[in-house]
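Here are a few exercises to work through with the model open in your viewer. Try each one yourself, then check the solution under it.

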Amino acid sequence: MESRIVHLHAVPQRREAVASLIHHEFWTEVPGASVEKMAARLRQASTSDALPLCLIALRGDELLGAVNLVDNDDDDHTDWLPWLAGMVVAAPHRGRGVGSRLVRSTCSTHRFPAARRVPPTAACR
C-alpha cells in the first residue's frame, strides 16, 4: 500500500496519535509538556492555506510521520520564518524517505511571499 501526505485538519481523528508521536520524540523531559497540550497546539493547524500547518504521512490508517510549518518558535532566530517544527518519523519507518517526502511536500506546496528567509535547517531545496 502506498503512503500519502495529508493535512492533519483533514483527518482530525489522527490528532492524538500525531501529538503523541511528537511529544514522545521531543517533549517528554520538558516540565509541564503533555500529549494533551501538544494536541491543543495541533488544533491551531485548522486550514491548508495559513500558518500553522501540520502535514502527516499515512499508509492506510498507520501514522508514519509528521511535520509542522509555523511562523517561528525560536526566540534566537525570529527572522527565520516560516519554520519547520516537530518533524518526526515513527521509528519503524525511518530511513525509508518518509521524512524527505514530508519536507518536500511542505516546501513545494506552501510558499509564503512574506517569508524573508527559510533557515538552512529546513532543507527546502
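**Exercise 1.** Which residues in α1 are buried?

*Solution.* First, the ground rules. This is a predicted model, where local features need pLDDT of at least 70, side-chain atom pairs count only at pLDDT 80 or more, and totals for chains, interfaces and linings use all residues. Residues are numbered from 1 along each chain as its sequence is written, and side-chain values use heavy atoms, with hydrogens and water left out.

Next, the cut-off: buried means under 20% relative accessible area, with a 1.4 Å probe and protein chains only. Applied to α1, that picks out Arg-15, Val-18, Ala-19, Leu-21, Ile-22 and His-23. The cover over these buried residues includes α2, β2, β3 and β4, with contact meaning heavy atoms within 4.5 Å. Across the protein chain, 42% of the 125 residues are buried.

**Exercise 2.** Work out the order of the strands in the sheet.

*Solution.* Start with the element list: the protein chain has 3 helices and 4 strands, taken as DSSP runs (H or I, at least four residues, for helices; E, at least two, for strands) and numbered from the N terminus. Along the sequence they read β-α-α-β-β-β-α.

Now pair the strands, which takes at least two DSSP bridges between them. β1 (4–7) and β4 (83–89) sit at the edges, each pairing on one side only. For a closer look, take β3 (residues 62–70), joined to β4 by 5 bridges; Val-70 has Trp-83 in β4 as its bridge partner.

Finish with the angles, which run from 0 to 180 degrees between N-to-C directions of axes fitted to C-alpha atoms (for helices, over the stretch in contact). The twist averages 20° from one strand to the next. Helix α3 (residues 98–109) lies across β1, β2 (53–59), β3 and β4, at about 155° to β4.

**Exercise 3.** Describe the lining of the largest pocket by class.

*Solution.* A pocket here is an open set of points on a 1 Å grid over the protein atoms alone, where a 1.4 Å probe fits, with protein on both sides within 12 Å along at least five of seven lines; lining residues have an atom within 4 Å of a point. The largest one holds about 380 Å³, the space filled by probe spheres set on the points.

Of its 19 lining residues, Arg-41, Asn-68, Val-70, Asp-73 and Ala-85 are closest to the centre. By class, the lining splits into 12 nonpolar, 4 polar and 3 charged residues, counting Asp, Glu, Lys and Arg as charged. At least two residues each come from α1 (15–27), α2 (35–43), β2, β3 and β4.

Notes:
Buried < 20%, exposed > 50% of the residue type's maximum accessible area, 1.4 Å probe, protein only.
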